[in-house]
Amino acid sequence: MGVLVRGSTPSMELRYNLKQSDWLSSHSDKIMHFKFSPNILNRLGEELIPNPDQGIIELVKNSYDADATQCTVELINTDTTGGSILISDNGIGMDIAAISEGWFVLGRSKKAAREPTALGRLPVGDKGLGRLAALRQGSKVHLKTRPKNEPAVEYSLTINWQDFEQASVVEDISFNVQEHRTNLPQGTEIFIQDLSIKFGRREVKRLARELLFLADPFDSCVSFRPRLIAPEFADLEQQVNESYLKDAEYHLKSSVNGDGVVAASVLDWKENLLFHAKDSDISQENYKTVPAKFELWVFLLNPQNFSAKTASFGQVREWLSEVGNVHLYHRGLRVKPYGDQGDDWLKLNYARARNPEVRPSTSTVIGRIIVNDPDDRLIQKTDRLGFIENEAFIELKRFAIDVLNWMAKERLKQTENKRQIVKQESSRDVIDAKTSIENVIEEALPKEYRTRVRKVIQRYEEAKERETKALREDLQLYRSLATAGTTAAVFAHESGKPVTLINKIARRIEIKGQELLGDIYHESLGRPVEKLYRISKSLLSFSKFPLHLLKREKRRTGRVDVSSVIDDIVDLFDPFLKDRKIEVIINNSASQPFIRGSIALLEAIIANLLTNTINSFTVEGSRTEGRQVMVSTEIVESYVQIKILDNGLGIRDINLDEIWLPGQTTKPGGTGLGLTIVKDSVTDLGGKVQAIAKGGLGGAEFIIKLPLVGG
């Protein structure tokens, strides 16, 4: 209550101040704090970390911060739920203060000061949320730690997560830390029991890869090598250790210093200098980022390139399938997801789609960007997956992409120079050849035959010129098609980003929907969310389609496994076919047929005929149920015969001899180029193609015959 003085009228402000003063006087002993429900442990732990292996990696990073040189992860009976995980290291351990003020404190880390450790490492851990996620994977956790500063002493404690289910707030649960005498050396052991998740072969292999690449496996000076006790780790470690870096076609070395000044050079596989860049050759603006080193090995994956090298084409291709891509190492340890399989954070595949001749892809390189970042300019996200897109990180990416652009530009110059030299030499060769022929005519032939021979040669030259003119026209056509294809690849690649976002949004709707709606979730939102998943999966497959067809190594000439190419293309078309409710029947020959040519040509034939078939079912009046496509291969004498037929309406409203002409189509909006490409590709492979308006299934039927080569 306010105090009134007789004979006066206090203002409203005075009344408020007096009342507030009275309230504070009577309630000054009521001190309150924030309290946290045990559910917050779910929110801060497992819900922030997307994969179980990521939580384990965070515990291994704690070992790194503790100056461990050895860290072992052991999975015990984890092929089913209820198993255990043991993480042990030989680090400096923790005393009572470190356990209380560090290990048990979430949301803050004493590592924030970033003081170097005794081994000179800058700590990488932060907030403790990743550690919490790992510890929450089991129902019980046992901690044993032996601090370096207290020899022969071991501290231990047990966390029983079920205790928190009975508590109203987190602060209600306390822990009893026990002290023991021990003969064991310094270090820490964390034993997580009764796991709620299981690790199948795929999950174990993923964890093995994460542990193997956590510390740069290609740097022999690294003092920290975590290990997983599992056969999958041993197999992968052996494969990674079989380094084929010396067999790379190009070796890029670049760096950016503290002033943002960059330097770069490219060496060939014999370590001879090919290109060197001054700072201004790469960018006119200095980079506002942390000092970094960028090293990249580029492989040309075709058998011819490995004829003079130590490794085989197959060995290197398999090796790159496991280790390929550009990895980012921050303070000695790898940061996910950069360099994960399928992660194109430097847009390598996007750039390759525009210029496949001089650009590498994520599957043809192995690279690393190494940053120390003592000033904490790069900030990891809360879920520990990647960095926040601040200026320092954006500029780091710009540095790497600009260096890649510079290397591609230099390689393009080199390619163009070679092409011009070949053109000039070809022109000189033609002139020299004509001069030689004229000399032979004058010197070797009687005078009465010379005019006749010259006329024959002239007719030959005229025929050759007509052929050249036709080839020029074909070249223009296929350049237009190449432009359309590469443009489609660029747009398809970019569409992958919003498609991935659709999948994430669907996942968020699913989690929150199940949480808020409970049992009625499946009745109300289950089917729409499942449809979102299917749509995003299909769209993601579509986005990968053009890049798959544009791979450079497919254009190399050699023995081609016909059945394998057909299977691959049908798998690639699977989302399209399912979307149109088309059943595919494949009848491959019992014998394995091989042809001489390129995978690209055979893919062009099969892909265009499948596209033609899919389009046939969109014609008005075509069947909507029971749609079928049959693809069969059969060896007939010295040929492999490929048949592609459907049960659509067949070829109508156009003569059979006109379907192969460019621009001829009965489909509104069609290009009329698909069957032209089929005919030209079959011809290039030395084969024949035939079309039947009404074939064996009632619809169109195409029969291709290609000459076999020995198996």
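The axes of helix H3 (residues 52–65) and helix H7 (residues 201–214) come within 10 Å and cross at roughly 30 degrees. That makes H3 roughly parallel to H7 (the term covers angles under 35 degrees). Axes here are lines fitted to C-alpha atoms, for helices over the stretch in contact, with angles from 0 to 180 degrees between N-to-C directions. Helices (H or I, at least four residues) and strands (E, at least two) are DSSP runs, numbered from the N terminus.

This is a predicted model: local features need pLDDT of at least 70, side-chain atom pairs count only at pLDDT 80 or more, and totals for chains, interfaces and linings use all residues. Residues are numbered from 1 along each chain as its sequence is written, and side-chain values use heavy atoms, leaving out hydrogens and water.

Which residues of H3 and H7 meet? From H3 come Pro 52, Asp 53, Ile 56, Ile 57, Val 60 and Lys 61; from H7, Arg 206, Leu 207, Glu 210, Leu 211 and Leu 214. Contact means heavy atoms within 4.5 Å. The residues of this contact divide into 7 nonpolar, no polar and 4 charged.

Now the sheet. It is open, with 7 strands in the order S10-S9-S8-S11-S14-S12-S13 and mixed pairing. Two strands pair if DSSP finds at least two bridges between them. Strands S10 (273–277) and S13 (333–334) are the edges, each pairing on one side only. Strand S9 (residues 262–268) pairs with S10 in the antiparallel sense over 4 bridges. Ala 264 has Ala 277 in S10 as its bridge partner.

Helix H10 (residues 313–323) lies across strand S12 (325–330) and strand S14 (365–371). H10 runs at about 35 degrees to S14.

Technical notes
Angles under 35 degrees count as roughly parallel, over 145 as roughly antiparallel, 65 to 115 as roughly perpendicular and the rest as oblique. Ala, Val, Leu, Ile, Met, Phe, Trp, Tyr, Cys and Pro count as nonpolar, Asp, Glu, Lys and Arg as charged, and the others, Gly among them, as polar.
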